[in-house]
Amino acid sequence: MLMHSSSRHPPEFAVPIARVSGRAPASARPMMYDAFDLQTDLAAQTRAWGRMLNDAWSPWIRWSEPARWMSANARMMMRTGLTFARPAYGIDSVTVGNRSVPVSEEAVTVTPFGTLLHFKKDIHTEQPKVLLVAPLSGHFATLLRATVRVMLPDHDVYITDWHNARDIPLSAGRFGFDEYVAHLIQFLQVMGEGSHVVAVCQPTVQALVAAAAMAQAKDAAAPRSMTLMAGPVDCRINPTGVNELATSKPIAWFEKNLIATVPSRHKGAGRKVYPGFVQVSAFMSMNAKRHVQGHNDLFWHMANGEDDKAEAIETFYDEYFAVLDLAAEFYLETVKTVFQDYTLAKNELSYRGEPIDLGSIKRTALMTVEGERDDICAPGQTMAAHDLCTGLAPYMRTHHLQAGVGHYGVFAGKRWETQIYPQVRNFIQAHN
């Protein structure tokens, strides 16, 4: 599977819904996981052949143009297929003030389904503690590495590092909507009082529920602030193509056509999942020409010795083709609750059998951030959180609509770094 998206057109990973037609995609029919594993085995053989050919041709690329072409072809073979292990965050140091500070990753709390990962810095200055809540929608939390890197100089950053459902034994139990919320509450309790939450994309919903549940329980670890970025709080507002897809079929259709059983060769054998490879395939089909052109560019960068340009594309795809499966119950409950029934938007949601009232949030300040050109979570969908959090005083609310950015630009890229982040930083500091 070789497809590409440039940095100008990043992955649409915010919402775990595949683009579907009246029939199930070929990759999502019965026995699809077994078929995919066979394809994975063939891809491994192709990569092995590619390595062998590249070793044969690479010594000659300085003197022979045909050798460069053959080596480029071999390197493309080496990129065949998907990977299923989390890529590295690769953040070894950041600049704090005027000095470079080492960064180490510390697993603070580990459950079968996720790790509370701390980016620990060797400094003595106390900084605001921030829980960065990553989406669980077919890719690993490492897709937020740019968000982490920008926030690290000013904050003590933790992230929800979700695990691949295909590697989680059935004995670990279920992981649905409530379990996701429970993880956020547990992580905040471990971090302790005075923490802040920044939720990106899909988990803006679960972050709201967690804040309300903690407020109702008078939990001292309830966050001081939450920043919700480009998330589907109320999908009835300015519905996008993604929203229309979610309502085009009953939930039973999604369960029948998009859910697979993990084969016996994996640790999670027998677990029902929404496969990451289905999600990635759906994203690819949405922008097929772009991805084909991108890989054509990659080949010619390799063939022409333009290593920096080739490396940029390869780095992107190392991340994009690293996929994880979602527990079926989380996927289906999210589609139904958020995108079909609008339970949160109607303030009718329950958590573990108890009604949740978002109006109970009184001490957690709220910031919402949206992108003007976002075609995944359109402007207005995240801002709707303010209408739901009726218990917040005006001075505890703020909204930012960033001109000129799409979905991904809200939390990565130049405008995130230079225009959006400074406002997020100031908001957190004001309520620290």
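Visitor: Hi! Which strands does helix α4 lie across?
Guide: In this predicted model, helix α4, residues 177-191, lies across β2 (99-110), β3 (114-121), β4, β5 (156-162) and β6.

Visitor: And what's its angle to β4?
Guide: Helix α4 runs at about 165° to β4.

Visitor: How do β4 and β6 pair, then, parallel or antiparallel?
Guide: Strand β4 (residues 129-133) and strand β6 (residues 196-200) are parallel partners, joined over four bridges. To pick out one spot, L132 has V198 in β6 as its bridge partner.

Visitor: What about helix α5, where does that one lie?
Guide: Helix α5 covers residues 204-216 and lies across β6 and β7 (225-229). Its angle to β7 is about 160°.

Visitor: Okay, zooming out: what order do the strands come in?
Guide: The sheet is open, has nine strands and mixed pairing, and goes β1-β2-β3-β5-β4-β6-β7-β13-β14.

Visitor: How much are neighbouring strands turned against each other?
Guide: On average by 25°, with direction ignored.

Visitor: New topic! What's the volume of the second largest pocket?
Guide: The second largest pocket comes to about 370 Å³.

Visitor: Which residues lie nearest its centre?
Guide: Those are A215, K218, D219, A222 and R363, out of 16 residues that line the second largest pocket.

Visitor: And how does that lining divide up?
Guide: The lining of the second largest pocket has six nonpolar, four polar and six charged residues.

Key:
Residues numbered from 1 in each chain as written. Predicted model: local features only at pLDDT ≥ 70, side-chain atom pairs only at ≥ 80, totals over all residues. Heavy atoms only, no water. 1 Å grid on protein atoms, 1.4 Å probe; cavity = no way out; pocket = protein on both sides within 12 Å on 5 of 7 lines; lining within 4 Å. Points joined across faces, edges and corners; volume = space filled by probe spheres on them. Nonpolar A, V, L, I, M, F, W, Y, C, P; charged D, E, K, R; others polar. Pairing = 2+ DSSP bridges. Helix = DSSP H or I, 4+ residues; strand = E, 2+ residues; numbered from the N terminus. Axes fitted to C-alpha atoms, helices over the stretch in contact; angles between N-to-C directions. Contact = heavy atoms within 4.5 Å.
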